[in-house]
Amino acid sequence: MKLRYKLAWYNLLTKLLFVLVFLLVMPFLLERVNLIQTDNELIGKREQVMSLIGEFGVEGLMDGSLNQAFGSYNILKQEYISLEPALSDSLWNYIEVTQRMVGDEIIDYRVLNYSFMVDGETYLLEIGTSLDRIYQTERNIRTITLILLALFVIISFAADTTLARILTLPLDFITRKLKETRSPALYDKTPLSSSTTDFVYLDQTLTELMQKIDELFTREREITANISHELLTPVSVLQSRLENLISNGDLNEQDAEKVSESLRTLHRLKGIINSLLLIARVENHQFLKNESFPLNALIREVYEEIEPIARDKGLELNLRLDCDRHLTNANRSLMFTLLFNILNNAVKFSGNPAAGPVEIHCFREEETFKVRISDHGPGITEGQADELFQRFKKRSSPEGHGLGLAIAKSIADFHDISIRVNSKPGQGTTFLLEFSAEA
Amino acid sequence: MNVLIVEDEKSLAQEIADFLTKEHYLVEISSTGMDASEKIAVNLYDFILLDLGLPDYNGLDLLREAKNSNHEAAFIIITARGEVDDRVKGLDLGADDYLAKPFSLVELNARMTAIARRKFGLKTNHINFGAFTLDPLSRKVTCGELEVDITRKQFDLLHYLLLNKNRALTRMQLYEHIWGNLLGDEYDSNFIDVHIKNLRKKLAEYAPVDWLETVRGVGYRANIN
């Protein structure tokens with residue numbers, strides 16, 4: 001996942017978590033705050049009533065009928081007040097929630113009970129406020145808060161995302177440069193302009209690294225070219241001389257055979273030098289990867305090359321192309337060499353044709369394109385299998401010098417293809433090529 | 001035809017010269033870039049074999065220069081540097097072919113013959129052998145009116161043997177011509193034997209193939225009078 005998406009997700013999740021906690025706590029908080037507020041109001045009203053009583057006396061409020069209780073609701077029954085002579089002498093001063101029957105509806109009231117003495121008589125004052133109003137206010141506040149929170153989350157998420165995108169723009173720039181780079185020499189050296197010093201540093205370091213790798217490659221390329229020249233020129237002289245000796249035709253048969261034998265030896269030397277140079281050049285990225293072609297066609301070509309050899313041995317060669325993969329940014333001749341070497345190896349080491357066919361199988365497994373080349377030859381041990389791709393490690397063979405699979409390995413690495421070998425003595429050997437995800 | 005060999009390795013130049021002389025070419029040798037540059041300016045050549053790794057001259061520069069003054073010559077680059085770019089650069093500059101050292105003299109001969117055919121239209125394209133005819137352009141082999149059905153590899157082998165007719169070709173020479181040196185060490189003398197065997201079998205269905213000889217200890221030869 002890209003960094004900026006991670007940042008966006010992180011921001012969104014923390015905000016949602018915060019909002020959730022707030023929503024859980026809010027009703028409780030609101031209730032507390034409202035009750036305190038209501039209680040303060042009730043106390044304020046009590047003080048008003050008490051000051052009225054101080055001014056006009058209890059009778060003034062109770063219409064002179066001292067023994068009767070006085071009670072009054074306002075029209076909408078949101079508030080009420082009652083004053084009556086208390087039956088007991090104990091003094092009360094508390095606030096509670098009670099339900100009152102008013103008309104035919106039950107209403108929650110917050111009620112302040114207060115008793116006081118005037119002229120030796122104890123009176124009980126009750127002041128109530130309907131909680132409906134409080135509940136309504138609570139609901140309103142909750143709705144408004146919800147809307148505000150939602151707006152907050154949306155706006156801040158958008159702002160965060162935009163900011164993250166702007167902040168990580170330099171990173172995209174660097175990633176794009178890396179992705180476009182086919183070889184260190186072609187690395188885009190345009191410096192990054194950004195106010196974030198970390199990214200500038202990263203960009204500079206990468207550019208320097210690419211330059212260094214490029215210099216190393218260039219130096220190695222020169223060394224390879226020089227070695228190539230120094231080794232191959234004398235071989236070239238010898239080869240031409242021996243070929244001239246043969247084609248002059250004035251040698252007797254015995255001598256011709258000896259010269260021919262020398263040519264074979266020379267050819268082996270040449271093969272080793274060329275193989276080592278090929279590996280060096282592949283590892284040194286001297287080959288271009290600019291071709292695109294369907295793999296099945298190439299496999300068929302390789303199959304056609306080797307099929308006559310297999311048939312001559314009485315060996316069956318099976319081709320199973322379940323699916324195809326169009327390779328891009330690849331080198332066709334190198335890919336040919338890779339497949340040829342592995343298939344040829346399988347055919348070469350298939351001892352008894354009756355043991356079973358050599359099979360090439362293209363298939364897709366978990367979205368990955370794979371090619372399996374399996375034989376029913378003598379097989380090798382696990383230890384030998386690990387060494388198979390190393391230079392000069394070979395299965396016992398009269399011909400070749402154990403570089404074919406090393407070449408295959410270097411070409412596979414060059415194309416980001418994983419190559420694995422599975423083998424059991426007596427059962428055969430399987431090579432599995434796994435191609436990287438399609439671009 | 002006149003050939004100039006530009007090659008600083010004198011013994012190699014001499015071997016190539018010996019071989020080409022026998023093939024009835026008139027051969028001159030230059031072992032330095034300066035000398036070659038002068039010769040090219042003064043003389044007309046049909047072929048210039050150019051080594052890129054000259055001590056005093058960048059071979060590609062010499063090619064560029066020579067192309068300007070000697071339009072008619074066919075250039076074949078021979079080099080042991082073997083850099084992948086060299087081939088592309090050389091062919092871009094107008095070289096007609098490219099051979100990586102060490103190459104086989106018969107391969108050189110085949111390439112020169114092919115270029116001569118293409119460039120100078122010297123011979124008819126068809127090659128007659130025994131009761132058969134080979135057409136390099138359409139890549140077909142016919143026997144009288146009948147077309148012989150042979151594979152691409154078999155055709156290449158046959159064509160190569162015919163281009164070097166009456167000369168014994170070793171299995172390596174044949175192998176290298178068909179598969180080049182990109183396959184590394186996977187050389188297998190059996191490959192050539194199998195293909196020749198199949199080729200003989202195919203052709204024998206139409207006419208005798210006794211002209212396709214096995215040369216003991218060496219390889220094969222197309223013996224055609």
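Predicted model: local features only at pLDDT ≥ 70, side-chain atom pairs only at ≥ 80, totals over all residues.
User: What makes a set of residues here the largest nonpolar core?

Analyst: A nonpolar core is a set of buried residues of types such as Leu, Ile and Phe, joined through C-beta atoms within 7 Å. The largest such set has 113 residues, and those with the most contacts inside it are Leu343(A), Phe47(B), Ile48(B), Leu49(B), Leu50(B) and Phe75(B). Helix H7 of chain A, residues 332–348, gives the most to this core, with nine residues.

User: Which residues is Leu343(A) in contact with, leaving aside its neighbours within four places in sequence?

Analyst: With those neighbours set aside, Leu343(A) is in contact with Val302(A), Ile306(A), Ile360(A) and Ile373(A); because contact requires C-beta atoms within 7 Å, each of these pairs meets that cut-off.

User: How many residues does each chain bring to the contact between chains A and B?

Analyst: The contact takes 46 residues from chain A and 37 residues from chain B. On the side of chain A that touches chain B, helices H4 (197–248), H5 (253–283), H6 (295–313), H7 and H9 (404–414) each supply at least two residues. By class, that side has 16 nonpolar, 21 polar and nine charged residues.

User: What share of chain B counts as buried?

Analyst: Of its 225 residues, 45% count as buried, which means that each of these has 20 or more other C-beta atoms within 10 Å of its own.

Notes:
Residues numbered from 1 in each chain as written. Chains lettered and ligands numbered in written order. Buried ≥ 20, exposed ≤ 12 C-beta atoms within 10 Å, placed from the backbone. Helix = DSSP H or I, 4+ residues; strand = E, 2+ residues; numbered from the N terminus. Contact = placed C-beta atoms within 7 Å. Nonpolar A, V, L, I, M, F, W, Y, C, P; charged D, E, K, R; others polar.
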